Amino acid sequence: MIIIRVMGGLGNQLQQYALYRKYESMGVEARLDLSWFDRDVQENMLAKRRLELNRFVGLPMKIASREEIKAVLGRQFGEPEKLWAKVKRKVRPKASPVFTEYDQYHPQILDWKSKYLVGYWACEKYYGDILGEIRDSIRFPKGGDERNLMLMREMEQTQSVSVHIRRGDYLDTANLELFGNICTEAYYDRAIACIKRRFPQAAFYLFSDDSEYVRAHYQGEEYHIVDWNRGEDSFYDMMLMSCCRHNICANSTFSFWGARLNRHGDKMMIRPSIHKNSQSCVPEEMKSLWRGWTLISPAGEII
């Protein structure tokens, strides 16, 4: 059995869910471990998250029981390993029941039938072939601000483009070194120019955790700021992004999924060439891992 640990925010949860669905599509028995969201696990975390997969209407998923986790791991996740297990893992690392993601893409994991997987699995190559099936399964609940329904209708009638500008926590000292200065003004300028070149009448819908910044930097009739979905309702920003005809993403899995859930066949999806500053961009590799996406560097260059 494959067990995938679910953790992080909504975008990351959807990626872990997508990998789970990939295993199921191959006939491999798979489960999701939701224990990361237990109160005692979250207590010492700076950025506390809540499970949001269960907010989608009727989303099919199988949850790992304590017994199933123990059957794969030989213990509960987080419990100390027995001495013999530690020795075995050091002598034969591949025999470890746990695999932790350390690179953008690990093709070998799709050959496994039994393993406990820990990671975020952002790379689209894992599950790109079944995104249509996943998209059909994901249904947002009714609710949120009434303005959302009005905006969805408006987006369908224009060459609507979502633009995600994430600042907030990415400007914190702890995150700036890893995530900062990737989605620069040069990145957004080039992304918007790419859209305008193909769709001169495009309307841009800006989603950000820094409304003052976007109001100051994006002025004109073509720009529309969406700033009312806050707190738990920020969930609905992804729904609105998915209703746009095209998507300009931040280095954020939240907006990646706004683009992935977009059903328009002629959509343009634009993302930064790297997600984190610890990554290096090899153009041909990135193009093969993110087929159908336009990749733009922090310097504003299309790769």
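Helices (H or I, at least four residues) and strands (E, at least two) are DSSP runs, numbered from the N terminus. A few notes on this structure follow, with some conventions to begin.

1. This is a predicted model, in which local features need pLDDT of at least 70 and side-chain atom pairs count only at pLDDT 80 or more, while totals for chains, interfaces and linings use all residues. Residues are numbered from 1 along each chain as its sequence is written, and side-chain values use heavy atoms, with hydrogens and water left out.

2. Where does Gly180 sit? Gly180 is found in the loop between helix H7 (173-179) and helix H8 (185-198). Gly180 is buried, at a relative accessible area of 5% (buried means under 20%, exposed over 50%, partly exposed in between, with a 1.4 Å probe and protein chains only). Leaving aside residues up to four places away in sequence, Gly180 touches Asn175 and Asn277 (contact means heavy atoms within 4.5 Å). From Gly180 to Gly74, 106 residues apart along the chain, the C-alpha separation is 40 Å.

3. Next, a helix pair worth a look. The axes of H10 (residues 235-243) and H11 (residues 253-260) come within 7 Å and cross at roughly 40 degrees; axes are lines fitted to C-alpha atoms, for helices over the stretch in contact, and angles run from 0 to 180 degrees between N-to-C directions. That makes H10 oblique to H11, given that angles under 35 degrees count as roughly parallel, over 145 as roughly antiparallel, 65 to 115 as roughly perpendicular and the rest as oblique. On the H10 side the contact is made by Phe235, Asp237, Met238, Met241 and Ser242, and on the H11 side by Phe254, Ser255, Trp257 and Gly258.

4. Which residues have the most contacts inside the largest nonpolar core? They are Ile4, Leu19, Tyr23, Leu53, Phe56 and Trp257, in a core of 68 residues (a nonpolar core is a set of buried Ala, Val, Leu, Ile, Met, Phe, Trp, Tyr and Cys residues joined through side-chain atoms within 4.5 Å). Another core, of 22 residues, lies apart from it and includes Val163, Ile165, Ile195 and Ile248.
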